[in-house]
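Biologist: Let us go through this model by question and answer.
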Amino acid sequence: MNKELSQAFSEQINKEYFSAFLYLAMSDWLNEKGLNGAATWTYVQYQEELAHAQNLFHYMQYRDEPISFKAIADPSGNWQSPLEVFRHVLSHEKLVTESINNLATTAMKANDHAAYIFLQWYVSEQVEEEASAKEIISRLELAGDNTNALLMIDDQLGARVFNAPVVPGIPTAGA
Ligand code: OFO
């Protein structure tokens with residue numbers, strides 16, 4: 001792996017851990033507001049982000065690349081409503097999409113086909129994550145100030161369960 005690509009992978013690992021930390025902070029905020037379903041949804045997202053980071057980590061180890069570790073930024077948010085939380089989810093995922101796309105472009109420019117193929121799982125995952133956030137935002141907007149509707153959405157969000165993602169291209173996929 002060339003140096004620029006290797007560095008970009010390390011940075012992406014840090015970003016995935018930041019994502020995990022952000023969703024954990026959101027889960028805590030939602031839990032404090034009594035929105036246990038949305039708290040569960042964001043906690044499952046935290047678990048997914050950990051898996052994204054872990055799978056990048058395993059890939060780097062598989063390629064025998066050094067990883068540079070950096071401090072993870074403070075994820076505290078100043079949210080005023082669940083709608084604001086999920087708007088933040090969407091804006092954050094858009095940033096992650098841009099970062100993953102840049103990483104894939106770096107792999108392509110480095111002529112590293114293996115890394116480029118490995119990253120395709122992440123590219124597709126971002127499409128799904130943005131779509132999920134948009135769907136939840138639309139439903140929360142429809143609910144407006146209706147508490148019953150909000151609680152119904154919250155119940156539905158609480159049904160989400162964590163399934164460890166299987167990322168092709170590493171021997172420890174899904175760890
Ligand atoms: Fe939120 O997605 Fe990781 O990559």
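Biologist: How do the residues of the lining of the largest pocket divide into nonpolar, polar and charged?

Modeller: The model is predicted, so local features need pLDDT of at least 70 and side-chain atom pairs pLDDT 80 or more, while totals for chains, interfaces and linings use all residues. Residues are numbered from 1 along each chain as its sequence is written, and side-chain values use heavy atoms, without hydrogens and water. Ala, Val, Leu, Ile, Met, Phe, Trp, Tyr, Cys and Pro count as nonpolar, Asp, Glu, Lys and Arg as charged, and the others, Gly among them, as polar. On that basis the lining divides into five nonpolar, two polar and seven charged residues.

Biologist: Which helix supplies the largest share of the lining of the largest pocket?

Modeller: Helices are DSSP runs (H or I, at least four residues), numbered from the N terminus. α2 (36-62) and α4 (113-143) each supply at least two lining residues. The largest share, eight residues, comes from α4.

Biologist: Is W41 buried or exposed?

Modeller: Buried means under 20% relative accessible area and exposed over 50%. W41 has a relative accessible area of 8%, so W41 is buried.

Notes
Buried means under 20% relative accessible area, exposed over 50%, partly exposed in between (1.4 Å probe, protein chains only).
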